[in-house]
Amino acid sequence: MNLTTYLRAGYPGLALITSEEARAEAEVSAACNSLKRSLHAWSSTEGLVDTKEGRVTACPDPLDALQLLDGMFASTSPRHVVLMRDLQLHMEQTDPMLVRRLKDTLRIAKTNGHALILLGCRLKLPPELDHEITHVDFTLPGPTELGAVLDGIVKSAKLKNVHEVVRESALQSALGLTTTEAENAFALSVVETRGIDHKVIAREKARTLKKNGLIEVVEATTSLEDIGGLGLLKEWLQRRSGAFSESAKTYGLPAPKGLLIVGIPGTGKSLTAKATAGAFGLPLLRLDMGCVFGGIVGQSEANLRSVIQTAEAIAPCVLWIDEIEKGFSGSSSSGSTDGGTSSRVFGSFLSWMQEKTKAVFVVATANDVSKLPPEFLRKGRFDEMFFVDLPDALERAQIWDIVIARHKRKPTDFDTVVLARACEQFTGAEIEAVFIDAMHEAYAEGKEPGAKEILEAMTHTVPLAQLMDSKIAALRQWSKGRAREAASRSTTTATTTGSRPSRRMSEMN
Ligand code: ATP
């Protein structure tokens, strides 16, 4: 629902949570114009301003301001909308007088058809006010709004002939930024290239999101072919790779929601998240769930909202949440430890997962399922849950092929069957670490790495699986009946879509 609808429906207390103050104020002003309501704006520095008449009443104290509003709201006509900036900052140390005064003002506003809108970049209300104020989602600007910003920059820089294709890709690259951030990125592109270059804008977006600290844009250069083994998981992804297309939409296919991948560390879960974006041809965003839980009161909820807004503005996209259990593990006990913040954020995240309509495909990875709240694992949140076990001999041979090729050597120069047999219980990450170790040894001796260096490096590695034997057994036990196996263990050619099977695969059976 948008702001106009809420105002028309007679909601007396609304909250717009955004850092885009100017754009939010413009939207409030447009809503008031369309509904023919008078608009007043208050801040502790400017006082109460009648935006039409320009009349200013000095009242830095919010209590005085609310008292003034009670007088204005006493009659039903004209109908007023009052925008209050930063009121929430005055509420952080709950002041009983202010809480009561705001409740009284809202009651009068409701009776006589007026509205109060709180504006700020976060909002933490005392419980007494939680049900009195409705949060209105303020989404990030879409292509039309960003287009107006871009046109402004093009005009002021006196650029000629910006081709429609260039304009489109610039706008696409800017999605997920606020208007001010997009304006800066467009301006930078003009300074750097004397034109509009989507690569500069994409780079600026990546930098801006990283600086904001919650979401990172990851370059998706990985494909399903870069994953050894995990045949069933790759096939599942391959079959859904067209599900975000226009033709899938026309067909009536609902956009897939997401995937939870649980398993042993180093077995390729993160690699799969990256390859998913590659296979789907979508941008990849990485979310650090730990950073969502900010220190300031109300910050965690605002952070999650900001993450969702960014991902939805960039949609269709893949949102990768690495080690999700680290973010949500406190949610069940949090009532007593963090004032309920984790469970509230967790609840909001689950509702979003369940109800999201935008094409944001979530790939969540987890090593320790015991820390995940059970609600998380219920059907309907994710399309599927996969369990990634240690690679078997066949998969290890595939991983050797991939790792050797990744380090610019020819897999056919190595007997990957022998190597695979020699590294039982190794994860993909450990196989790669062994190869890098062997390369260092060989380089120091001025030669190419061979079986000798690799087998030697293996002897120095104690696989994690040996150290966490009981944990892995518990994870396997847990996954039975709950999660699908990611690997296709029964066939020789592990996948039709995945990595090239070694020419020596048949030897392994
Ligand atoms: P963690 O849970 O510790 O984050 P993970 O399961 O996400 O581990 P990755 O980060 O995906 O593991 O793997 C680390 C690296 O190991 C990868 O970047 C890749 O180089 C290599 N690797 C792991 N598994 C595979 C695999 N199945 N195929 C190819 N390479 C692999």
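Contact, as the word is used in these legends, means heavy atoms within 4.5 Å. Every view is taken from a predicted model.

**View 1. Packing of helix α14 against helix α17 in the predicted model.** Two packed helices are described by the angle between their axes and the distance between the axes. For α14, which covers residues 299-314, and α17, which covers residues 341-355, the angle is about 20 degrees and the axes are 9 Å apart. Angles under 35 degrees count as roughly parallel, and α14 and α17 are therefore roughly parallel to each other. The crossing of these two helices is right-handed.

**View 2. Residues in contact between α14 and α17.** From α14, the residues S300, E301, L304, I308 and E312 take part, and they meet T341, R344, V345, S348, F349 and W352 of α17. By class, the residues of this contact divide into five nonpolar, three polar and three charged.

**View 3. The open sheet of seven strands.** The strands follow the order β4-β3-β2-β5-β6-β1-β7, and their pairing is mixed. At the edges lie β4 (56-57) and β7 (134-136), each of which pairs on one side only. Within the sheet, β2 (residues 38-43) and β3 (residues 47-50) pair in the antiparallel sense over four bridges, and S43 has G47 in β3 as its bridge partner.

**View 4. Positive phi at L230 and K408, neither of which is a glycine.** L230 has a phi of about 50 degrees and is placed in the loop between β8 (215-218) and α10 (231-239). Its relative accessible area is 4%, and because buried means under 20%, L230 counts as buried. K408 has a phi of about 60 degrees and is placed in the loop between α19 (393-406) and α20 (416-422). The relative accessible area of K408 is 73%, and because exposed means over 50%, K408 counts as exposed.

Methods:
Residues numbered from 1 in each chain as written. Predicted model: local features only at pLDDT ≥ 70, side-chain atom pairs only at ≥ 80, totals over all residues. Heavy atoms only, no water. Axes fitted to C-alpha atoms, helices over the stretch in contact; angles between N-to-C directions. Parallel < 35°, antiparallel > 145°, perpendicular 65-115°, else oblique. Left-handed = near helix turned anticlockwise from the far one by under 90°. Nonpolar A, V, L, I, M, F, W, Y, C, P; charged D, E, K, R; others polar. Pairing = 2+ DSSP bridges. Buried < 20%, exposed > 50% of the residue type's maximum accessible area, 1.4 Å probe, protein only.
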